[in-house]
Amino acid sequence: MADLVFSLNATVPVFLMIVLGGLFRKLGIFDDHFVSKMNTFVFLIPLPVMLFRDLATEDFSKAWDGRYVVFCAVVTLLSIFIAFLIAIPLKNRGMKGEFIQASYRSSAAILGIAFISNIYGNSGMAPLMIIGTVPLYNIFAVIVLMLTAEGEDGRKNKLTPAMVLKILKGVATNPIILGILAGLLWSVLGLPFPAILDKTTENVARVATPMGLMAMGGAFRFSSFRKVLKPAAAATVMKLFGFVGLFLPLAIRLGFRKSELVAILVMLGSASTVTCYTMAINMKHDGALSSAVVTLTTLGSAFSLTLWLFIIKSMGLV
């Protein structure tokens with residue numbers, strides 16, 4: 001019972017913030033424009049500041065774990081490859097791209113940090129997990145969506161040098177990656193962190209999680225489910241249970257514990273990020289499948305993550 005209460009205390013507050021976002025939209029307090037601005041603000045300012053602060057105030061020489069980062073990167077690549085194989089039977093080319101992206105791409109930053117902060121009081125190993133995953137998320141999302149979208153002349157897009165340059169530029173200017181790199185550099189150089197900077201960054205960082213989660217709730221759409229229900233259900237099962245069942249035992253076998261293991265759990269089995277829908281729409285895809293998977297995985301992960309956390313807590317691993 002104590003393990004169950006621990007799990008519920010870690011997961012329920014996070015998902016109540018998502019529910020609040022949906023409620024505020026229902027009441028007319030949030031609208032599309034406001035939710036979009038919230039998502040943009042969280043992505044550009046509070047989330048990078050939070051990651052910067054957590055790393056800048058840590059001894060990086062002690063916090064770095066190359067083995068852990070490599071594990072996260074390799075598992076992410078394997079997840080992308082598995083999603084690609086499962087998507088092969090889909091006849092609709094655009095739907096293939098949306099299926100692959102929504103299946104592997106977790107809400108690693110917002111939900112990952114929220115979960116670990118709720119349990120341990122800080123972002124723990126989430127920044128290192130993000131280093132190993134987010135660049136790959138972005139690179140392969142752009143590649144997959146570009147190659148499965150119809151070109152302006154109706155022909156298939158091809159991976160050109162200009163497209164590769166655009167992908168690399170997108171990764172290099174990602175605010176989350178920049179926040180992590182800035183924090184790592186600050187820590188490595190041993191720069192002072194005065195009280196004024198500490199308090200200011202703390203206040204800015206505090207709004208990242210609640211705003212991000214409420215924006216996620218406000219972005220939900222239940223429309224257009226019928227025509228994409230089967231692939232959306234398949235992607236949801238794979239996202240919440242498939243990858244966790246495949247790779248979490250391996251992480252345990254390799255000796256990852258506590259915040260390391262929780263970050264890996266979120267990487268493998270958390271909800272698909274709302275960015276999946278945003279990117280799909282902006283890259284000439286229908287977006288219906290992405291929206292459905294984001295919605296189903298966010299609702300389902302309230303139960304699945306609680307279950308997984310309960311299991312590993314019962315095993316004394318967190």
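Helices (H or I, at least four residues) and strands (E, at least two) are DSSP runs, numbered from the N terminus. On that basis the protein has 16 helices and 0 strands. This is a predicted model, in which local features need pLDDT of at least 70 and side-chain atom pairs count only at pLDDT 80 or more, while totals for chains, interfaces and linings use all residues. Residues are numbered from 1 along each chain as its sequence is written, and side-chain values use heavy atoms, with hydrogens and water left out.

**Overall fold**
- Of the 318 residues, 51% count as buried (under 20% relative accessible area, with a 1.4 Å probe and protein chains only).
- Taking contact as heavy atoms within 4.5 Å, 84% of the contacts between residues at least 6 apart in sequence join residues at least 24 apart.
- The accessible surface comes to about 14800 Å², and 69% of that area belongs to carbon and sulfur atoms (Shrake-Rupley method, 1.4 Å probe).

**Helices α11 and α12**
- Helix α11 (residues 195-206) packs against helix α12 (residues 208-218) at an angle of about 20 degrees, with the axes 5 Å apart; axes are lines fitted to C-alpha atoms over the stretch in contact, and angles run from 0 to 180 degrees between N-to-C directions.
- The two helices are therefore roughly parallel, a term for angles under 35 degrees.
- Val204, Ala205 and Arg206 of α11 meet Ala208, Thr209 and Pro210 of α12 in this contact.

**Cysteines**
- The count of disulfides is 0, a disulfide being a pair of cysteine sulfur atoms within 2.5 Å.
- Cysteine 72 counts as buried because its relative accessibility is 0%.
- Cysteine 276 likewise counts as buried, at 0% relative accessibility.

Notes: Parallel < 35°, antiparallel > 145°, perpendicular 65-115°, else oblique. Buried < 20%, exposed > 50% of the residue type's maximum accessible area, 1.4 Å probe, protein only.
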